[in-house]
Amino acid sequence: MDQHPDIDTLALESPGGSLFEAWHLINEVESRGLSTYVDSDCASACAFVFLAGRERLIDGEGLLGFHAPGAQGFAEYD
């Protein structure tokens, strides 16, 4: 990103992943004032990155997926 400062939008496509890793990307999106764009599936941690965008755009085929965060070693709520 430092080599291409003219980039203003981050396109996202992911089933999710580590929320801790997503926080690094969220910080980049916020500090650079990037917009976020989804044209397919963006779920779990990806959806949080999407929400960090200055402007948030979803194509007609784009889907966001949310769920309660979880971590290994923690029991689920009943």
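**A colleague's note on a predicted β-α-β-α-β-β model**

1. **Confidence.** The mean pLDDT of the protein is 89, and 87% of its residues reach at least 70. For a new reader, pLDDT is the predictor's confidence in each residue, on a scale from 0 to 100. This is a predicted model, in which local features need pLDDT of at least 70 and side-chain atom pairs count only at pLDDT 80 or more, while totals for chains, interfaces and linings use all residues. Residues are numbered from 1 along each chain as its sequence is written, and side-chain values use heavy atoms, with hydrogens and water left out.

2. **Overall layout.** The protein has 2 helices and 4 strands, and they follow one another along the sequence as β-α-β-α-β-β. These elements are DSSP runs numbered from the N terminus: helices are H or I with at least four residues, and strands are E with at least two. Of the contacts with a separation of 6 or more, 50% join residues 24 or more positions apart; a contact means heavy atoms within 4.5 Å.

3. Of the 78 residues in the protein, 24% are buried. Here buried means under 20% relative accessible area, exposed over 50%, and partly exposed in between, with a 1.4 Å probe and protein chains only. The protein exposes about 5800 Å², and carbon and sulfur atoms supply 53% of that area. Accessible areas come from the Shrake-Rupley method with a 1.4 Å probe, and for residues only the protein chains shown count as cover.

4. **The nonpolar core.** Which residues make up the largest nonpolar core? There are 12 in all: L12, A22, I26, V29, L34, V38, C42, A45, C46, V49, F50 and A52. The elements giving two or more residues to this core are α1 (19-32), β2 (35-43) and α2 (45-51), and α2 provides the largest share, 4 residues. A core of this kind is a set of buried Ala, Val, Leu, Ile, Met, Phe, Trp, Tyr and Cys residues joined through side-chain atoms within 4.5 Å. Within the set, A22 touches A45 and V49, if residues up to four places away in sequence are not counted. In soluble globular proteins, nonpolar side chains tend to be buried together.

5. **A nonpolar patch on the surface.** L19, F20, W23, F48, L51 and F66 form a surface patch with about 630 Å² of accessible area together. Helices α1 and α2 are the elements that give two or more residues to the patch, and α1 has the largest share, 3 residues. F66 sits in the segment after β4. Patches are made of residues with over 30% relative accessible area and no salt bridge; like charges are joined within 9 Å, and nonpolar side chains (Val, Leu, Ile, Met, Phe, Trp, Tyr) within 5 Å.

6. **Salt bridges.** How many salt bridges are there? The count comes to 2, where a salt bridge is a side-chain nitrogen of Lys or Arg within 4 Å of a carboxyl oxygen of Asp or Glu. One pairs D2 with R32, with the closest N and O atoms 2.7 Å apart. D2 lies in the segment before β1 (9-14) and R32 in helix α1, so this pair ties together parts that are 30 residues apart in sequence. R32 also forms a salt bridge with E28, the closest N and O atoms being 2.6 Å apart. R32 and E28 are 4 residues apart in helix α1, which means that about one helical turn separates them. D2 is exposed at 64% relative accessible area, whereas R32 is partly exposed at 32% and E28 is partly exposed at 35%.

7. Is S40 buried or exposed? S40 counts as buried because its relative accessibility is 19%. S40 belongs to strand β2 and, leaving aside neighbours within four places in sequence, is in contact with E13, E61, G62 and L63. S44 lies in the loop between β2 and α2 and has a positive phi, near 60°. Most residues other than glycine have a negative phi. S44 is buried at 15% relative accessibility, and its contacts beyond four places in sequence are P15, G16, G17, G65 and H67.
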